[in-house]
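Open the model in your viewer and keep the selection tool at hand. The tour goes stop by stop.

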Amino acid sequence: MVDRVSRAERFSADRGKICLIFSLVSVIWAVVLIDQVESGQIHGITVMAWAVWVFTTSMWVFGQPGRWKWTVRERAVINDELTHEHQRSAALAALAALGLGVALGCVAVLARVTLPAWWPIAAATAGACAAGLRFSWLQLRASR
Amino acid sequence: MSEGVEVRLREWRTRAGLTQAALAEAVGVSRKTVNTVENGVFVPSTTLALQLADFFGCKVEDLFSLHGWESNESVRAEAIH
């Protein structure tokens, strides 16, 4: 039992670091994709990789550990009330980033300014990245 | 976040000779949660506060108390009546 719980503790401790890495790599994928959009040579594999990476980053932050791998007790440790609090905070950060993207888009429409084609990519990445960075910062601070 | 809440969890835990990890395992949360509660970064839910108090065999007020809170008797009496 101790080993099982220790496994959950280790996962809980590593989750912040994993979210940090995923967030930073999602930015790299977004930069690669935006570069391709700018040059007009978009590769489907890059779009797919970016989309999967952003989704995976979100899953690391907001996902619930599966029953097939973790026991009820382990899941209670991994997703305890502190983690829920951090997820709420990360969701607020994501909403703020996405809201800012939408607001700027609205302002651009009202001002009759054409936004670049990569704007949705940047906004979506900013949302996922904001959630990931906020969550990892809170988790790493709590681990100290 | 925990402004106004005085936490004495660390005193109770060390008196019991427990590590944060051992206490966390006993009440079914992560060590991070115990750590943040002890440091006053995170205010636990009522359920967790009751579980901690039950574990130590004390009252919740022994572990947590409101700092600088003055109960207003007249307001309470007015609300009841």
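Which residue forms a salt bridge with Glu38(B) at 3.3 Å between the closest N and O atoms? Select Arg10(B): that is the partner. Keep in mind that this is a predicted model.

**Stop 1**

Show Glu38(B) and Arg10(B) together. Glu38(B) sits in helix 3 of chain B and Arg10(B) in helix 1 of chain B, so the pair ties together parts that are 28 residues apart in sequence. Glu38(B) is buried, with a relative accessible area of 7%. Arg10(B) is partly exposed, at 35% relative accessibility.

Keep the three residues on screen: Arg10(B), Arg13(B) and Glu38(B) are linked in a network of salt bridges.

Is Arg13(B) buried or exposed? Arg13(B) counts as buried, because its relative accessibility is 8% and the cut-off for buried is under 20%. Show what surrounds Arg13(B). Leaving out residues up to four places away in sequence, Arg13(B) touches Leu18(B), Thr19(B), Gln20(B), Leu23(B), Glu38(B) and Phe56(B).

**Stop 2: Leu9(B)**

Go to Leu9(B), in helix 1 (residues 9–15) of chain B. Leu9(B) is buried, with a relative accessible area of 1%. Beyond four places in sequence, the residues Leu9(B) touches include Leu23(B), Val34(B), Val37(B), Leu52(B) and Leu63(B). Glu38(B) and Phe56(B) are also among them. For a distance check, pick the C-alpha atoms of Leu9(B) and Asn35(B): they are 9.8 Å apart in space, and the two residues are 26 apart in sequence.

**Stop 3: where the chains meet**

Show both chains. At this interface, 16 residues of chain B are in contact with 17 residues of chain A. The area buried between the chains is about 1400 Å², and carbon and sulfur atoms give 49% of that. Select Glu25(B), Lys32(B) and Phe42(B). In chain B, these three lose the most area to chain A, together 45% of what that side buries.

How many salt bridges does the rule find across the interface of chain B and chain A? The count is zero. Polar contacts are there, though: nine residue pairs between the chains, both residues at pLDDT 80 or more. Color helix 2 (20–27) and helix 3 (31–38) of chain B, which each supply at least two residues of the side that touches chain A. Helix 3 of chain B gives the largest share of that side, five residues.

**Stop 4: helix 2 of chain A**

Select residues 44–62 of chain A, which make up helix 2. Its 19 residues should span 27 Å at 1.5 Å a residue, and the end C-alpha atoms are 27 Å apart, which agrees. Highlight Thr46(A), Ala49(A), Trp50(A), Val54(A), Thr57(A) and Val61(A): these are buried. They cover an arc of only 125° around the axis, so they are on the same side of helix 2.

**Stop 5: a salt bridge in chain A**

Finish with Glu74(A) and Arg7(A). They form a salt bridge, the closest N and O atoms being 3.3 Å apart. Glu74(A) is in helix 3 (residues 72–78) and Arg7(A) in helix 1 (residues 2–39) of chain A, so parts 67 residues apart in sequence are tied together. Glu74(A) is buried, at 0% relative accessible area, whereas Arg7(A) is partly exposed at 25%.

Definitions and conventions. Residues are numbered from 1 along each chain as its sequence is written. Chains are lettered from A and ligands numbered from 1 in the order in which they are written. This is a predicted model: local features need pLDDT of at least 70, side-chain atom pairs count only at pLDDT 80 or more; totals for chains, interfaces and linings use all residues. Side-chain values use heavy atoms; hydrogens and water are left out. Helices (H or I, at least four residues) and strands (E, at least two) are DSSP runs, numbered from the N terminus. The expected span of a helix is 1.5 Å times one less than its number of residues. Buried means under 20% relative accessible area, exposed over 50%, partly exposed in between (1.4 Å probe, protein chains only). The arc is that of the directions from the helix axis to the C-beta atoms. Contact means heavy atoms within 4.5 Å. Buried area is the accessible area (1.4 Å probe) that two parts lose on being put together, summed over both. A salt bridge is a side-chain nitrogen of Lys or Arg within 4 Å of a carboxyl oxygen of Asp or Glu. A polar contact is a pair of N or O atoms within 3.5 Å; within protein, one must be able to donate a hydrogen and the other to accept it, and residues adjacent in sequence count only if both atoms are side-chain atoms.
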